[in-house]
Every structure is written in C-alpha cells, then in structure tokens.
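Have the coordinates open while you read.

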Amino acid sequence: KGEISSEKYGFVKEDEIADLDGFEAKKLTTNPYGGQWVKYEKNENELSIDEWKEELDKRKNPFIIKREQGSGTSMYLISDFHMGAYVGKIIKTPDFNFNVVEAYLKEIADTINSFGEENVYIGLLGDFIESFTGLNHRNSWKGLSKNAFGIKAVKLAHNLLRDNLYTKITNLKWVGFISGNHDRVTEGHEGDEQGEVGEMMQYLFELECKDIQSEWHPILISKEVDGINYLLTHGHLGIARTEISQVVFQYGKQGVYNVFAKGHKHTRETKKTFSKKKIQYENFDVITIDTSDYRAITVPPLFTGNFYSESNGWNSTAGFVRMKNNGRGKLFFADYTL
C-alpha cells in the first residue's frame with residue numbers, strides 16, 4: 001500500500017501477487033507464514049497511451065495506390081455487402097459467400113479501371129457485414145459463414161475490400177463510408193444507433209491507405225464531385241423517407257445538380273422528381289411541370305438475398321452504379337449488373 005518506488009518491497013499472500021501499473025512483480029523468498037516477499041521493479045518497457053500511439057504510427061505499412069494519367073471523374077456507389085452471410089441451395093436466389101463477394105469486387109475494380117479516369121470516387125453505402133452478434137434477428141446466426149461474427153467479421157470485410165477494391169483501383173481519390181442497420185455491434189439498435197462497424201471500416205482504411213481521402217458518417221454524407229453533389233445514405237433511417245426536395249434543401253448544395261442515393265432495399269429503384277406549379281389563368285386551372293435539378297436513386301446490392309427474402313417473394317441481382325457530370329451540369333447515370 002502507499003507510494004511504490006523501484007526499490008519498494010512488500011509482503012503479500014500468494015493469491016494477491018499482481019503487477020501494478022508500470023511495475024513488475026518479482027517473487028523473492030517464501031515466508032514461513034505462507035506468503036511471498038515481493039519486489040516491484042519499474043518496467044522500463046511499459047509504454048504510455050501516447051507512446052503506444054506513436055509506436056503504432058511507426059508500424060503502419062500503407063498500401064501504395066497506383067497512379068496513372070487519366071481523363072474524367074466519376075462517382076461509383078456500392079451497397080449492401082453483407083459479408084459473412086452464407087446462402088446456398090435456395091430455389092431462385094444465387095449462392096452467396098466470401099468467394100462470391102471477392103469475385104464481385106474484382107469485377108467492379110476491373111470495370112472501373114477500364115474507363116481510365118483521372119479521379120475515382122467511391123461511396124460505400126453500408127451493411128458491410130451480415131451480423132456482429134449473430135442476433136440482428138433471432139435466426140441470423142443460421143445464415144452466417146463459420147466464425148463470421150464479431151471482430152473477425154469486420155477484419156474479413158476490411159481485408160476483402162482492401163485486397164480486391166481499394167488497392168486495385170487506379171487513381172482512387174476518395175472513399176466514403178456510411179453505416180447500415182447490419183453494422184451495429186449490438187443486437188438491437190438501442191445500443192448502437194450509429195452502426196459502429198462502419199466507423200471501424202473507415203478507421204482501418206485510413207490506417208492502410210493514408211494517401212486516399214476518406215470519411216464516415218452514420219447518417220448522410222454530402223459530397224460535391226465535378227459539379228454534381230451526391231447525398232449518400234444507407235436507407236434505413238427516417239431521412240430516407242423524407243420528401244426529397246427537403247433533403248436536398250437541407251443537406252444538398254444549391255445551384256448544382258443533386259443526387260440522393262441510398263441502398264437498403266436490395267432492389268433497383270429510380271425516382272425522377274418534378275416540381276408542379278399551379279397557375280390560375282382566367283377561369284381555368286393549368287398545371288405546368290418543370291424538371292427539377294435533383295434525382296433519387298436506390299443503389300443495387302451485392303447481397304442477392306437469403307431464405308427470408310425468397311420466402312417473401314423478393315429477389316434481386318447484384319450490381320453497382322456509375323455517375324458523372326455529362327458535360328452540361330446534368331447527370332450521366334449507368335447501372336451495372338454483376
């Protein structure tokens with residue numbers, strides 16, 4: 001008890017011997033009364049938290065992203081990875097596992113590189129893993145690959161994206177991470193409303209891809225790229241059901257074309273929004289329709305479904321989307337099926 005120095009000795013019982021913070025316990029002699037004489041010596045190898053941070057920074061081995069001359073800028077959106085899910089032997093739903101995800105990511109990277117662009121932006125719209133606890137639903141554990149839960153699922157998801165997407169895309173400039181409902185680390189949303197797996201995915205990316213810009217948000221990212229402003233969300237929160245013009249007004253950028261993009265539904269859906277102006281002309285009501293400078297889209301998933309979705313008659317095909325400025329301040333949009 002009391003202050004401890006490098007020369008401090010103490011007499012304690014066998015089951016009470018323990019290292020103290022910054023000190024290492026050394027057994028000396030056995031006391032005839034059944035205890036041990038212990039000397040606590042300063043552990044010179046013990047690092048403080050700040051020293052550990054510095055040490056970890058030194059150990060970082062960032063991946064080098066390939067840079068080449070290119071032309072043009074595009075935003076690519078990918079959603080609903082559900083890595084760790086295992087689906088097989090269902091009637092219409094394709095098989096799904098880590099190997100399938102890897103093949104999808106390789107094809108996406110090859111397609112992106114085929115355009116030879118100068119700047120590549122990628123938005124990842126959440127549901128990176130199938131389940132952290134195995135209990136998102138009561139039977140979620142039945143649809144998991146072996147050991148594909150907890151931190152192992154997060155590490156596997158990061159490694160698959162790193163080895164098959166991040167480090168394979170030439171001229172990658174920015175990656176945005178949005179959390180999905182499957183990215184929570186608790187059974188129910190009450191314990192983790194922000195989907196902390198998404199935050200961890202961005203953190204791991206930042207550690208290994210230091211020269212690439214990245215950001216994470218649990219709700220929405222607003223990002224202007226080459227004259228088009230993209231509003232990215234997963235789609236499970238109430239903001240995805242808000243009237244589009246309100247979302248664009250509050251979170252978008254005025255004076256440019258805005259795209260509100262979400263995933264979550266595991267299907268393709270595109271909405272074109274029009275503004276209606278009612279004009280009173282003499283005794284007639286006339287409706288004029290003006291095309292607005294925004295659009296809402298639902299990004300196709302990589303995850304193509306499971307027993308639950310097929311039993312309810314839902315199915316989808318995997319894919320991703322490419323968007324860019326068409327040269328006139330409007331949107332070029334392409335949907336790729338995998």
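Are α2 and α3 roughly parallel or roughly antiparallel to each other? They are roughly parallel, since angles under 35 degrees get that label, over 145 count as roughly antiparallel, 65 to 115 as roughly perpendicular and the rest as oblique.

Some ground rules before going on. This is a predicted model, where local features need pLDDT of at least 70 and side-chain atom pairs count only at pLDDT 80 or more, while totals for chains, interfaces and linings use all residues. Residues are numbered from 1 along each chain as its sequence is written, and side-chain values use heavy atoms, with hydrogens and water left out.

**The chain overall.** The protein chain has 6 helices and 14 strands; these are DSSP runs numbered from the N terminus, helices being H or I with at least four residues and strands E with at least two. Of its 338 residues, 43% are buried (under 20% relative accessible area with a 1.4 Å probe, protein chains only; exposed is over 50%, partly exposed in between). Among contacts (heavy atoms within 4.5 Å) with a separation of 6 or more, 67% join residues 24 or more positions apart.

**Helix packing.** Two packed helices are described by the angle between their axes and the distance between the axes. Axes here are lines fitted to C-alpha atoms, for helices over the stretch in contact, and angles run from 0 to 180 degrees between N-to-C directions.

| Pair | Angle | Axis distance |
|---|---|---|
| α2 and α3 | roughly 30° | within 9 Å |
| α3 and α4 | about 50° | 10 Å |

At that angle α3 and α4 are oblique to each other. Their crossing is right-handed, meaning the near helix is turned clockwise from the far one by less than a right angle, with anticlockwise being left-handed. On the α3 side, V154, A157, H158, L161 and R162 meet V197, M200, M201, L204, F205 and E208 in α4. That contact divides into 8 nonpolar, 1 polar and 2 charged residues (Ala, Val, Leu, Ile, Met, Phe, Trp, Tyr, Cys and Pro are nonpolar, Asp, Glu, Lys and Arg charged, the others, Gly among them, polar).

α2 also passes α3 in a right-handed crossing. Here F98, E102, L105, K106 and A109 in α2 meet L156, L160, L161 and N164 in α3.

**Around S79.** S79 sits in the loop between β4 (73-78) and α2 (98-113), and is buried because its relative accessible area is 0%. Its contacts, not counting residues up to four places away in sequence, include L125, H234, H264 and P300.
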